[in-house]
Amino acid sequence: MNHYALILAGGSGTRFWPLSRNAKPKQLLDLFGQGTMLCQAIDRLKGIVPPENIFILTNHLQEAEVRRQAAGLPAENIVAEPARRDTAPAVSLGVGLIAARDPQASMIIIPSDSLILDTPAFQALAQDALNLADREAALITIGIKPTWPCPSYGYIERAEKLDDPALSHNCYEVVRFREKPDAATAEQYLASGNFSWNAGMFIWSVPHVRRQLAAHAPELAGFIDRLSQAADAPQFIRDEFPKLTPISIDFALLEKADRVLNFEATFDWDDVGSWISVGKYLPKQEDGNVSNSPVSTIASANNIVFTDSGKRVALVGVDDLIVVDTGDALLVARRSEADSIKKVVATLPDELL
C-alpha cells in the first residue's frame, strides 16, 4: 500500500491536429480502438498500485476530460497545474502530493501518451523497480532498447550490471544522460550496445528523491517541503507552483544525482509522435494504405487515412498522403511533412484549436 504512481497527462494537441485539440490531445484520444492512451496508462498500473494511490497531473484545458476518463480515481488525486513549468516542477508537485499522503512511499512516474501493448511485461518490470526503490538509495529509470539511431530521443549511457539476486530484470548503473544526438552520434550509441532511449519513466522512494532534490535543486525541495505540510494544498499550488523555475527533470536532477540506475524495458514501447506512428497500428488495406475506416482506392499507395465519422474515403492517383477528417476540419498532408503539421496550428482560428 505504500506504492504510488504519478501519471503526467498534460501537453498540447498540435501534432495530431485536426483530431487532437488543446482540450483533447493525443493521450485523451482513442487512436487505436483500444481506449484512450490515458485510460490504458491507468489500466496498466492495476495490480501494482492501488487506484487510490494513483495521481494524475494535467492542466486546466484538459482537466474536465481527464476527470471524465479517470472517474474511477479519487477526485482529489487529479490535479491541474496552474501554469506550465516543464517536467521538474511537475514531478516535484507529484512528489509533494504523495509525500503529504505517505512520507515513506515509493513511486513510479509514467507519461500518459506512450503506447505499451504488453501490459504483463510492463507490470512485472515496474513491480521489480518499485521493490528495488524500497531498499536502494538510487533514482531509477526505465529505458528503451534502441531499434534505430534516432536523433529525436535523449539517451541513457549504462555501465555495469547491478548484482542483486532479488531482481528479476536486468538493471544497470548509469554513467550519464546524453542529450538528443546528431545522426552520426546516434549511430555510435546504437553500435555500442550500452545506451537506452530515455522514455521519461522514473521510480524512486520519496525520502531519497527529497534528499537528492535538497542537494541539487533546493528550490524544488523547498516547494515539496511546504506543499507536504500545507493546510490548504490546492490554494498553495495555485499560489506557489507558477513561481517555480521551468526546467526539465533531467537537467534539474537526474544529470546531477549521486546514483542513477536503469532497467532496460522488456516490453514494447512507442511514443506515437506523429500520424506516421499511428499509421503503423491502423488496419492495413491494399497497396500499403492504412485506415481506420473503409477506403476505396485507384492507383493510390502508402496513404494514411483517419476519420472520426466512419465515412468512406476514396483515393484516386495519390501516394504517400496523410488524410485526417473530423466534423469541422480536414487535413491533407504529405507523409514526409508529418512533423510540420504542428506548424499549421498557428494559422488556425481559435475555434479549431
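**View A. Asn-59 in strand S2 of the predicted model.** Asn-59 belongs to strand S2, which covers residues 54-59, and everything shown here comes from a predicted model. Is this residue buried or exposed? Asn-59 has a relative accessible area of 12%, so it counts as buried. Its side chain reaches the backbone nitrogen of Leu-61 at 3.1 Å. If you set aside the neighbours within four places in sequence, you will find Asn-59 in contact with Gly-10, Gly-11, Ala-80 and Glu-81.

**View B. A salt bridge between Lys-26 and Asp-113.** Welcome to one of the 17 salt bridges in the structure. Lys-26 pairs with Asp-113 here, and their closest N and O atoms are 3.8 Å apart. Distant parts of the chain are linked by this pair, as the two residues are 87 residues apart. Look for Lys-26 in the loop between strand S1 (3-8) and helix H1 (37-44), and for Asp-113 in the loop between strand S4 (106-111) and helix H4 (119-135). Lys-26 counts as buried because its relative accessibility is 11%, whereas Asp-113, at 26%, counts as partly exposed.

**View C. Arg-259 and Glu-136, joined by a salt bridge.** In this close-up, the closest N and O atoms of Arg-259 and Glu-136 are 2.4 Å apart. Arg-259 sits in the loop between helix H9 (249-254) and strand S9 (260-264), while Glu-136 sits in the loop between H4 and strand S5 (139-144). The pair therefore ties together parts that are 123 residues apart in sequence. Arg-259 is partly exposed, with a relative accessible area of 23%, and Glu-136 is partly exposed too, at 22%. Which residues make up the network of salt bridges here? Glu-136, Glu-173 and Arg-259 are linked in it.

**View D. Lys-311 meets Asp-325.** Our last stop is a salt bridge between Lys-311 and Asp-325, with the closest N and O atoms 3.2 Å apart. You can find Lys-311 in the loop between strand S12 (304-307) and strand S13 (313-316). Asp-325 is in strand S14 (residues 321-325), and the two partners are 14 residues apart.

Definitions and conventions:
Residues are numbered from 1 along each chain as its sequence is written. This is a predicted model: local features need pLDDT of at least 70, side-chain atom pairs count only at pLDDT 80 or more; totals for chains, interfaces and linings use all residues. Side-chain values use heavy atoms; hydrogens and water are left out. Helices (H or I, at least four residues) and strands (E, at least two) are DSSP runs, numbered from the N terminus. Buried means under 20% relative accessible area, exposed over 50%, partly exposed in between (1.4 Å probe, protein chains only). A polar contact is a pair of N or O atoms within 3.5 Å; within protein, one must be able to donate a hydrogen and the other to accept it, and residues adjacent in sequence count only if both atoms are side-chain atoms. Contact means heavy atoms within 4.5 Å. A salt bridge is a side-chain nitrogen of Lys or Arg within 4 Å of a carboxyl oxygen of Asp or Glu.
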